[in-house]
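Thanks for coming. Please look at the display first.

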Amino acid sequence: MKTFCGRANPTTGAMEWLEEDENYDYHQEIARSRYADMLHDKDRNVKYYQGIRAAVSRVKERGEKAIVLDIGTGTGLLSMMAASAGADFCYAVEVFKPMANAAVKIVEKNGFRDKIKVINKHSTEVTVGPDGDMQCRANILVTELFDTELIGEGALPTYEHAHKYLVQEGCEAVPHRATVYVQLVESKRMWSWNKLFPVHVEAEDGEKIIVSPSEMEDCPGVPSVCDIQLNQMPSSDFTILSDVVTMFSVDFSKPVRSASTSYRVQLEPVKSGKAQIVLSWWDIDMDPSGMINCTMAPYWVKSTSAFQWRDHWMQCVYFLPNEEPVLQGEKVYLTACRDEYSVWYKLQKTRGKEENKAAVRVESPVCRCQAHLLWNRPRFGQLNDQNRTCQYIKSLTKVLQTDSVCLCISDGSLLPVLAHCLGAKQYATFFFLKFFKANNLEDKIKIIEARPELLTSSHLEDKKISVLVGEPFFTTSLLPWHNLYFWYARTAVTSHLTSSVTVLPQSASLHMMIVEFQDLWRIRSPCGTCEGFDVQTMDDMIKNSLNFRESKEAEPHPLWEYPCKSLSDPQEVLTFDFRKTVPEYSLSTEGSVNLLRKGKSHGAVLWMEYHLAADISVNTGLMQISDEKGNCEWNPHCKQAVYFFSSVIESETLSDLPSAVTYAINFNTKTGEIAMDFKL
Ligand code: SAH
């Protein structure tokens with residue numbers, strides 16, 4: 001079956017209808033899934049196996065048959081562990097059909113057909129009884145339904161249901177318990193992902209300050225978790241204000257309640273400062289004694305030297321609704337509220353009257369200032385990057401005249417405000433009003449509620465545009481070159497531009513470098529066997545999905561979180577001249593890059609640079625080729641594109657190191673797509 005799916009092309013902006021295979025979503029999900037990463041997580045796998053063996057033994061010691069329920073079996077891994085540990089029977093439940101099919105194959109290949117029944121259902125649909133999916137209730141409950149926030153994938157409602165309907169009272173659970181930890185910190189860097197700092201603009205008539213709306217001050221933001229590789233955050237970027245404390249824990253062997261609730265702890269700051277951020281992570285105890293523990297604790301907390309890199313579980317950054325000064329030794333109260341799927345925090349100086357927990361209002365935060373709806377965390381960081389802002393101010397100062405009529409095309413951009421401060425008569429295509437109100441600009445900057453393609457001269461009051469600006473930044477962009485939409489928009493508004501129009505940025509360039517990743521390569525590397533079980537079926541399935549689209553694609557990753565070393569020099573591969581309209585023909589290039597250092601060429605990293613005006617550029621990729629650890633330093637507010645070389649990632653040896661990589665890159669101006677091919 002073929003389906004047609006409508007979507008706006010992120011680069012060209014054109015509405016297009018794509019003929020999608022019915023399996024398209026499946027392939028996307030599998031190709032980009034974290035299954036491989038989980039199977040590579042040795043620490044997790046070993047501890048699950050230990051916990052499962054211990055649980056099966058405890059049941060056997062009681063003289064009972066060991067009946068296992070494995071919810072979210074994925075590849076069937078945990079069920080196979082249980083069967084190997086001597087379980088009498090396993091019910092392996094998996095809701096995602098392609099995975100359930102894979103589990104059937106993997107279970108069979110490993111010889112567990114008689115011991116494991118794969119049930120392709122959501123656990124809440126599973127029936128128990130002589131004619132049901134399960135003959136009887138299980139006495140061992142095994143799951144791995146956790147995300148970085150622990151509960152974001154619906155673990156609580158799943159457990160709640162399982163205890164009511166699918167498992168026996170007093171069952172064993174692996175993991176047995178999860179504990180959520182928090183630590184209060186001050187961090188200008190992380191706080192800049194949540195609030196807009198005042199922007200200082202040096203204009204001819206003195207310094208002007210752009211301020212954020214007062215609603216932003218105590219806006220609780222949006223409840224979506226900010227999960228990052230906290231281990232990549234240098235200790236110089238935050239100040240610890242409290243010890244690590246246990247916020248709450250969940251015993252999975254007892255009935256679980258998923259209803260909204262809150263937890264409160266008393267903290268005694270170890271340092272005076274501004275409480276802004278709650279850092280959080282969890283651990284799971286695989287057995288009741290707590291001897292088999294798998295922890296996500298970051299580097300400054302963890303005592304063990306054996307460090308497990310993983311990407312499927314990271315650490316959480318929570319932003320307090322507003323910053324709160326705290327004094328060393330002066331107690332404060334931290335409250336964690338949660339609903340079924342997410343957690344948020346607030347800090348109070350006094351205990352308050354609400355002694356009784358139930359009285360604490362548990363309402364999911366709602367953004368009141370609009371900014372958290374318009375800007376995501378990296379975008380906040382980008383707008384707060386004073387260096388970057390300076391480049392725009394410098395280049396705007398160069399191009400703006402007092403009689404300039406300026407059109408800005410970028411999503412949620414501060415450029416119209418900067419340009420106004422610098423004296424231009426303004427038009428903006430898109431912005432949010434509260435911001436203009438806060439800066440008394442409602443009647444100075446006109447918001448045009450039309451896509452650039454539909455711009456008419458009446459929108460512009462019959463004026464011609466003399467300065468066209470863009471960051472460019474668009475929320476629909478996933479890959480770096482998607483922001484070339486600015487070029488298409490510029491082409492669409494051509495008839496409204498004066499003949500001597502200044503376009504800022506005047507051009508862009510695509511850059512590339514070959515790298516060796518410290519860890520990121522793992523997410524695309526095959527597993528083969530996992531704890532002695534053959535999971536190659538999974539590898540084949542991922543490979544098949546990756547090759548589903550004829551041309552392999554690059555994928556976006558925020559590389560500041562994923563250390564890598566450069567193996568080649570950075571190279572400019574394509575340029576895009578915004579002073580001219582988008583050409584009819586494709587832009588293509590080919591060549592080769594020399595590999596200057598020894599290492600595994602895991603892939604090519606690609607990024608964009610925008611040339612605002614002569615000698616003023618903004619770089620969204622490589623900031624420094626080698627830091628003190630020898631790793632590349634990347635723009636922390638942008639995702640870069642990574643094109644993995646599967647042949648290198650799949651090979652075990654380091655022999656036959658190539659001395660160069662040849663490439664062919666083609667930008668199809670009609671489709672806005674960049675196709676690339678590399679040979680090692
Ligand atoms: N157990 C495997 C895979 C864990 S990933 C392992 O440890 O390697 C979690 C899996 O659970 C996903 O495949 C997801 O589709 C599935 N899942 C999540 N909630 C579920 C539910 N309530 N019922 C059935 N499957 C579920």
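Around the ligand there are 18 residues, where being near means having a heavy atom within 4 Å of the molecule. The closest are Y35, R44, G72, E94 and S123. Before the distances, a note on the source: this is a predicted model, in which local features need pLDDT of at least 70 and side-chain atom pairs count only at pLDDT 80 or more, while totals for chains, interfaces and linings use all residues. Residues are numbered from 1 along each chain as its sequence is written, and side-chain values use heavy atoms, with hydrogens and water left out.

Now the polar contacts, meaning pairs of N or O atoms within 3.5 Å; within protein, one atom must be able to donate a hydrogen and the other to accept it, and residues adjacent in sequence count only if both atoms are side-chain atoms. An oxygen of the ligand sits 2.6 Å from an N or O atom in the E94 side chain. A polar backbone atom of G72 is 2.8 Å from a ligand nitrogen. H122 places a polar side-chain atom 3.0 Å from a nitrogen of the ligand. On its own the ligand has 570 Å² of accessible area, and the protein covers 90% of that, by the Shrake-Rupley method with a 1.4 Å probe.

Buried means under 20% relative accessible area, exposed over 50%, and partly exposed in between, with a 1.4 Å probe and protein chains only. Strands are DSSP runs of E, at least two residues, and helices runs of H or I, at least four, numbered from the N terminus.

Helix α6, residues 155–165, is mostly covered, with 8 of its 11 residues buried. Its cover includes β3, β6, β7, β13 and β18.

Last, where is S187 found? In the loop between β8 and α7. S187 is buried, at 1% relative accessible area. Its side chain reaches the backbone nitrogen of M190 at 3.0 Å.

Technical notes. Contact = heavy atoms within 4.5 Å.
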